[in-house]
Amino acid sequence: MNKAFLFLILITMVSLQTKAQMVLKYDKPSSKFTTEQRNNYRKNGYMQEALPFGNGRLGAMFSGGIDEEHLLINDITFWMNSKRGMDSVAQSGVKLEGYKHFDKVREAYEQGHYGTGEGSMEAMSTKYLSSTQPLGNYAPFTDVFISTGHDSTSVSNYMRSSDAHSGIGRVEYNIGNGHFTREYFCSHPNDVIAVRYTSKHAKLNLKISTSTLHENHRVTSEGHYVILTGEAAMVQDNISFHQLIYVDAGNGTLIQNKDGSLQVEGATDVKIYLTAYSDYLPIYPTFKGRDFMADTQDRMKEAVVLGYENLKQIHVKDVSALMDRCQLELDFKPSGLTTDQLIKKGASIELENLYFNYSRYLQISSSRTAPVPSNLQGLWNGHLKPAWNADYHNDINVAMNYWMVETANLPSSFSPYVEWMKILAESGKHVAKEAYGVQNGWSVGLNGNVFGFTAPNEHGRRMQQSGAWLCQNLFEHYAFNQDKTYLEDIYPILKGAAEFYVDFLAPWKDGSLVVYPTWSPENTYLSEQFSKLNKQTYGAAWDQQLVLNLFTDCIEAATVLDKDAAFRKKLQQIILKLSPQKIGQYGQVQEWPEDWDSPTDQHRHISHLIALHPGRDFSPLTTPELTDAALVTMKHRGDISTGWSTAWKTNFWARLHNGDKSHQFYQFLTSKRAYDNLFDFHPPFQIDGNFGGVAGVCEMLLQSHLRSVDNTEKTIDAAAFVAYQQDPKTPNYFSPVVPNEALADASYILHLLPALPSAWSKGSVKGLRARGGFEVDVAWEHGKLKKAEIHATTDGAFRIYSEGKLSEVITLKKGETKHWTS
């Protein structure tokens, strides 16, 4: 066997491995999107099989249908059934003058009025504080149909695929001697969807049409264009939208039909461009003002001038650069199976690798520089009544959507979250005043939309103060990039959230300060006595953990920016008074201030472990007693759960340094909680599981949440900052520790391979991000670290923790690299 042939075999093997890591592929089209599926989001079909693509604002799914291609088009700003354009107070959704009755509401909590009856915590919260303003829902935009006239029974060699590295979807098949191909992509640089149909030894006869589920619309055709204008119904101020489709028939004939569609006859190369906008702009309280028709026309003109090949080249360069920033390469032999067959076969390293890389592509596709963040379904929705409104759930889901942008090296995807938080802070100041009588800062409830809704939810049992949870992501973004200009920009939001809690916290019977009204998201207690809807409480563990997290972040931010010394001191004084974390009768972390936990409770929410993840204050290395209690809680909650909960448990177990257990959940997520198109299912579809799963893999391979506050210490337990200290008088109580300004200068500790699964005995990962401003490449063999490279993206210092040993402080200048071996 000659060297040239060996080289060819090697190149082929590498190519197969790359495709197995990056490409979804299928040997049949997706199901058609039936009326039954449209009307019932629990009916599986098109949404679980069609392949998604997008640029963060504009997106689509393609079916790959042989006789008819169905492109589902979405715009992330596009909502219906809500209100906009009211005065600034009303737009927040808040019930006016709720503060006049706030003491009555709190009395129900103080007197222990459980259940849902008259005078209960829930009833009082609903009556006096809860909004009745319609939240609305994320809406489908349009549908595009491209008919071919092809008979599916005559097709051979069919293949449908989506390449995460290039961001190109593809369909190809044969009919007799004719070979037909299609390509699909959505360009972020040019804000346009592009589709290309080609044929060899055959002609293309296509019909291109579009429609929308929104009743008020009009479709016409003119020259090369199919033009759709319409409105989405709102309770107040309908949303206008405009879509253009341009068809280049090449060497074929283009015909305008009376129904507004275009007909292509006798072509071999057809290029189709689509772009669209609504009139939405993220301006509180109008949420209106885009010149959507002009913008649509301008983007289309630019696309037509550039042409397909230039658009494609720019797009591939854009997507591949982002995908190349972080890549996971596990050791496996490609199976050659289609993706649906791979999932059906069950857990495999090949599937785990593909899921990681493809979920990063979903992040790129659903969040870039759009005016609002990705929602419960990311960007893709075909239902007028989607599950949970496809809204913004502030009790885990929207935050989980953005965990992995930091660790998996997609920080540019975070900007929509920042802009959305600015709107929430502006709207939420009205909620703080009108609902609770708090004059400083801002507050936000459980559910949100794109119109600045921040009020408490309609049902009192869902009372929640979400500001601390949402702000956690804001500060984490700074922790990873160390950008003081960014910190200056978001500091008013952090401070406003902290100011709200300063005034909202109230003393409980033991004198400690607690958050109430509140709940522990979705869970119930004393249900046998007071029903399964008995959820409202005071001082829930997650609230208390996040308030400490927020106050600590606010102190650090103000220290870095050298401002608000008096406010820093006030926060430090309040931290001393916060209710402690408690270990209950079963050895568990208590979910509530009273020991109401049940060892048979397997609820999917485990919010009282937020200090373990995505927080940083519970750790096996710094708080062993609380970590042991977290282990008890995890065992109580069990292994089988919904998609997003499984993803969160992947992160929990990684933070507990149990790689095999973390891997068990990631296996379950990828093989049992994934639809054929790798969308996570709750069920039904929710995208947070995809993003949470990627975050979990990153946590298995690198952790950087601990800080070295004493660089003279040689062991991590002595060097690291500890956020909770055991109460010497009450050993099952753990009181918050007051951070001083020195924490702002403390080096982050980079923990290499903290939870490496034994099944991943060999592999590498490139481009993980660590707090402090570093990117990390890691390779391992036989389950042990082989080498690591730490690249500085800014001037900074860090310590490495590996194989039980803590390094000295390592200082790097921007652009420098530290090489580390076992």
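These legends walk you through several close-up views of one predicted model.

The structure is a predicted model, in which local features need pLDDT of at least 70 and side-chain atom pairs count only at pLDDT 80 or more, while totals for chains, interfaces and linings use all residues. Residues are numbered from 1 along each chain as its sequence is written, and side-chain values use heavy atoms, with hydrogens and water left out.

**View 1. Helix α20, residues 643–655, is enclosed by the rest of the structure.**
Helices and strands here are DSSP runs numbered from the N terminus, a helix (H or I) having at least four residues and a strand (E) at least two. How far apart are the end C-alpha atoms of α20? They are 19 Å apart, which agrees with the 18 Å that its 13 residues should span at 1.5 Å a residue. The expected span is 1.5 Å times one less than the number of residues. Buried means under 20% relative accessible area, exposed means over 50%, and partly exposed lies in between (1.4 Å probe, protein chains only). Because 13 of the 13 residues of α20 are buried, this helix is largely enclosed by the rest of the structure. Look just after α20 to find His 657, with a positive phi of about 65°.

**View 2. Seven strands line up in an open sheet: 7 strands, antiparallel pairing.**
Strands of a sheet pair through backbone hydrogen bonds, either parallel or antiparallel. Two strands count as paired if DSSP finds at least two bridges between them. Follow the order β2-β3-β4-β7-β12-β17-β16 across this sheet. At the edges sit β2 (51–54) and β16 (253–256), each pairing on one side only. On average, neighbouring strands of this sheet are turned by 20° against each other, direction ignored. For such angles, axes are lines fitted to C-alpha atoms (for helices over the stretch in contact), and angles run from 0 to 180 degrees between N-to-C directions. Zoom in on β12 (residues 204–211) and β17 (residues 262–267): they run antiparallel and are joined by 4 bridges. Here Leu 204 stands opposite Ala 267 in β17.

**View 3. An open sheet of 3 strands is also antiparallel.**
Its order is β26-β30-β29. Which strands are the edge strands? They are β26 (581–582) and β29 (724–726), and each pairs on one side only. Between β29 and β30 (residues 733–736) there are 3 bridges, in the antiparallel sense. Tyr 724 stands opposite Pro 736 in β30.

**View 4. Arg 84 and Asp 279 meet in a salt bridge.**
Side chains of opposite charge can pair when their charged atoms come close. A salt bridge is counted when a side-chain nitrogen of Lys or Arg lies within 4 Å of a carboxyl oxygen of Asp or Glu. How many salt bridges does a search of the whole structure find? The search finds 40. In the one between Arg 84 and Asp 279, the closest N and O atoms are 3.0 Å apart. This pair links distant parts of the chain, 195 residues apart: Arg 84 is in the loop between β5 (79–80) and α4 (88–91), and Asp 279 is in the loop between β18 (269–278) and α7 (292–306). Arg 84 is buried, with a relative accessible area of 0%, and Asp 279 is buried too, at 4%.

**View 5. Two further salt bridges join Arg 290 to Asp 295 and Arg 616 to Asp 617.**
For Arg 290 and Asp 295, the closest N and O atoms are 2.6 Å apart. Arg 290 counts as partly exposed because its relative accessibility is 22%, whereas Asp 295, at 18%, counts as buried. The side chains of Asp 617 and Arg 616 meet at 3.6 Å, N to O, and both of these residues are buried.

Most residues other than glycine have a negative phi, and most peptide bonds are trans.
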